[in-house]
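Student: Please take a close look at the salt bridges and describe them for someone new to this structure.

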Amino acid sequence: MTKILLIGFMGSGKSTVGKELGKMLKVDFYDIDAEIEKQEKMSVAEIFAIEGEEYFRQRERDVLVSLSTKERAVVASGGGVVISARTDELKLYDVVIFLHATADDILKRTSGSDRPLLNVPNKEDEIDRLLEQRQHLYESAADIIIQTTSKSVKEVCKEILEFM
Ligand code: S3P
């Protein structure tokens with residue numbers, strides 16, 4: 001398995017786990033949000049504010065597809081990749097791993113961050129609403145589902161490696 005895609009909700013640990021997994025496998029790690037920010041020379045929050053969400057979603061999909069041409073890579077997606085990309089585009093990766101986190105964990109892990117979609121008066125309700133919309137998309141896109149609650153980054157990576 002040489003091309004690994006990590007999916008999951010905001011705050012599920014995709015970037016942290018991806019970085020560690022890349023190190024363990026000695027494979028380059030890429031973060032789709034970071035790649036977009038580099039290309040656009042703006043933060044994700046600025047892209048949402050200036051260009052709009054639809055523009056961001058198109059960039060997200062483009063970067064997902066272009067990184068899939070790497071021979072070997074661990075790629076962390078943004079939480080909305082399952083709405084911006086088609087199933088066949090997600091399947092360009094050898095293995096798609098869904099990092100599952102509970103709504104409580106997500107709320108804790110995203111506190112103090114400037115994620116545009118969670119910049120709303122009732123963050124808890126918005127997390128529930130988005131989870132409701134997306135949970136089945138993460139599940140159906142995934143080859144492997146990993147529960148992240150109460151696990152360290154190393155434990156999550158170890159579990160992924162055991163599956164593979
Ligand atoms: C988003 C998740 C974010 C980022 C953008 C939109 C989403 O990435 O792509 O703010 O729609 O869930 P993270 O999942 O890395 O926070």
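Tutor: A salt bridge is a side-chain nitrogen of Lys or Arg within 4 Å of a carboxyl oxygen of Asp or Glu. The model is predicted, so local features need pLDDT of at least 70 and side-chain atom pairs count only at pLDDT 80 or more, while totals for chains, interfaces and linings use all residues. Residues are numbered from 1 along each chain as its sequence is written, and side-chain values use heavy atoms, with hydrogens and water left out.

The whole structure holds 13 salt bridges. One of them joins Glu40 to Arg59, with 2.9 Å between the closest N and O atoms. This pair links distant parts of the chain, since Glu40 lies in helix H2 and Arg59 in helix H4, 19 residues apart. Helices here are DSSP runs (H or I, at least four residues), numbered from the N terminus. Glu40 and Arg59 are both buried, where buried means under 20% relative accessible area, exposed over 50%, and partly exposed in between (1.4 Å probe, protein chains only).

Arg86 pairs with Asp88, and their closest N and O atoms are also 2.9 Å apart. Arg86 counts as partly exposed because its relative accessible area is 43%, and Asp88 is partly exposed because its relative accessibility is 43%. Arg86 and Asp88 belong, with Arg61 and Glu89, to a network of salt bridges.

Lys151 forms a salt bridge with Glu159, the closest N and O atoms being 2.9 Å apart. Lys151 is partly exposed, at 29% relative accessible area, and Glu159 is partly exposed, at 22%.

Technical notes
Helices (H or I, at least four residues) and strands (E, at least two) are DSSP runs, numbered from the N terminus.
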